[in-house]
Amino acid sequence: MTEEVKAEQTTIEEIVANTTIADVYNAAKQLDGVVKKTKLIESPFFSDMCGNNVYLKPENLQNTGSFKLRGAYNKICQLSDEEKKRGVITASAGNHAQGVAFAAKELGAHAVICMPAITPILKVEATRALGAEVVLHGDTFDDAYEKSLELQKKKGYTYIHPFNDKEVLLGQGTTALEIIDELKDVDAILVPIGGGGFASGVALATKAVNPQVKVIGVEPEGAACMENSFIRGQVSSLSAVDTVADGCAVKTPGDLTYAFCKKYLDQIITVSEMEIMSSLLFLIEKHKLIAEGAGVLSLAALNKLSFKGKKVAAIVSGGNIDISTISALIDKALIARGRVFCFSVQLPDKPGQLMNVSRILAEANANVTKLDHNQSKVTDSFKKVALDITVETHNHDHIKKIIKALNDGGYAVDIIY
């Protein structure tokens, strides 16, 4: 290990050791009147589901639609007038972009946001509407990130990192102060982890106010960069990430956020893609709230808690999701919960067979939503017709009954999904 690395680690350790609750309260003062103090929502549904008393912290209702505004504003308001005049820059195609744009506009700073050229136009326009200059570059986040570093060096902008920055994580930590102020006897707080800035701030603030409160980070199984680093004992990178929680699709946590999480987090829980999508659907159905994939990670972890009968605050971190994406996620969640069933049967090519299958499905109380009757799909027989059917169902037990009814009627079922 080189002396330079030792010095860097010592610096990070000193930052962690010297950061106190006073710093979080100072951030809260800066944010007063700027961010919404989103009120907790008690959830009888999620409480019954997991055996704890669950309260939602709806940061999806925050200005700009996520918690990211807190950190961006706290960072930018610390800059000198000269730094604000030169401007700030970041790379983001999501919540951080809008948080930086909003904060910069409020504080009179010029903001430049580098986004991949493939970023949906709605996100681009939403960021521009907040007064930021948007630079579209490359096909990936990494391309946009490299462009932002190039422009920073050329123009002298101040870089606003999405998570690996002390002032940013302090701003995010104000979320925990609001939870504890409203629910003073809270037993545990669940917070999503992407690069670790949100979890760092929430864990720091919570433990400083009440060390008895558990702080549990939640990551998607397909992007568990912080858990991977914990296991390896140092900041480590994943070879790839793959998750519907795109706001948490981070390969490498920050070195600063790793140190804070290592010191203050009690546990990390990972959740599957189906658990994320199912939680999104439950949130829509039971609370009429819209969130993005990363926004419901805390809800997806509720059934994996090792305790019962406790007061749990689950942070819904963001709600910026486009209609086509949410539609696809809902469809997948319905399939995972046995609410949609698609299958194929082969019918003898003679009159009455389609009516017979329809009768069986009607008697099984399955509502047909799509049907494809195609003789050309059967390649091994000229006397059979392939019938692909999609039906609305109640649950997985209902699907089993439908399959049995079709089998009893002489039809073999090939499950498509």
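Contact here means heavy atoms within 4.5 Å. The model is predicted, so local features need pLDDT of at least 70, side-chain atom pairs count only at pLDDT 80 or more, and totals for chains, interfaces and linings use all residues. Residues are numbered from 1 along each chain as its sequence is written, and side-chain values use heavy atoms, with hydrogens and water left out.

The chain has 17 helices and 14 strands. Both are DSSP runs, numbered from the N terminus; helices are H or I with at least four residues, and strands are E with at least two. Along the principal axes, the C-alpha atoms fill a box of roughly 80 × 50 × 45 Å. Of the 417 residues, 53% count as buried. Buried means under 20% relative accessible area, exposed means over 50%, and partly exposed lies in between (1.4 Å probe, protein chains only).

Two helix pairs were examined. Two packed helices are described by the angle between their axes and the distance between the axes. Axes are lines fitted to C-alpha atoms, for helices over the stretch in contact, and angles run from 0 to 180 degrees between N-to-C directions. Helix α4 (residues 68–76) packs on helix α6 (residues 95–107) at an angle of about 40 degrees, and their axes are 8 Å apart. That makes α4 oblique to α6. Angles under 35 degrees count as roughly parallel, over 145 as roughly antiparallel, 65 to 115 as roughly perpendicular, and the rest as oblique. The crossing of α4 and α6 is right-handed. A crossing is right-handed if the near helix is turned clockwise from the far one by less than a right angle, and left-handed if anticlockwise. From α4, the contact involves Lys 68, Leu 69, Ala 72, Tyr 73 and Ile 76. Their partners in α6 include Gly 99, Val 100, Phe 102 and Ala 103. By class, this contact of α4 with α6 has nine nonpolar, three polar and two charged residues. Ala, Val, Leu, Ile, Met, Phe, Trp, Tyr, Cys and Pro count as nonpolar; Asp, Glu, Lys and Arg count as charged; the others, Gly among them, count as polar.

The second pair is helix α9 (residues 166–182) and helix α10 (residues 197–209). Their axes come within 7 Å and cross at roughly 45 degrees. That makes α9 oblique to α10. The crossing of α9 and α10 is right-handed. Residues of α9 in the contact include Leu 169, Gly 173, Ala 176 and Ile 180. Those of α10 include Phe 198, Gly 201, Val 202 and Ala 205. The contact of α9 with α10 has 10 nonpolar, seven polar and no charged residues.

Seven of the 10 residues of helix α12 (residues 255–264) are buried, so α12 is largely enclosed by the rest of the structure. The buried residues of α12 are Leu 256, Thr 257, Tyr 258, Ala 259, Phe 260, Cys 261 and Tyr 264. Thr 90 lies in strand β3 (residues 88–91). Thr 90 is buried, with a relative accessible area of 0%. Not counting residues up to four places away in sequence, Thr 90 touches His 96, Val 100, Val 112, Ile 113, Cys 114, Ser 148, Tyr 159, Ile 160 and Pro 162.

Cysteines were checked for disulfides, each defined as a pair of cysteine sulfur atoms within 2.5 Å. The count comes to zero. Cys 248 is in no disulfide; the nearest cysteine sulfur, that of Cys 225, is 8.6 Å away. Cys 248 counts as buried at 5% relative accessibility, and Cys 50 counts as buried at 2%.

Loop residues complete the picture. Most residues other than glycine have a negative phi. Thr 64 has a positive phi of about 70 degrees although it is not a glycine. Thr 64 lies in the loop between β2 (53–58) and α4, and is buried, with a relative accessible area of 15%. Lys 288 also has a positive phi, near 55 degrees. Lys 288 is found in the loop between α13 (273–287) and α14 (297–300), and counts as exposed at 64% relative accessibility. Lys 37 is found in the loop between α2 (21–31) and β1 (41–42). At 55% relative accessibility, Lys 37 counts as exposed. Beyond four places away in sequence, Lys 37 touches Asp 32, Lys 57 and Glu 178.
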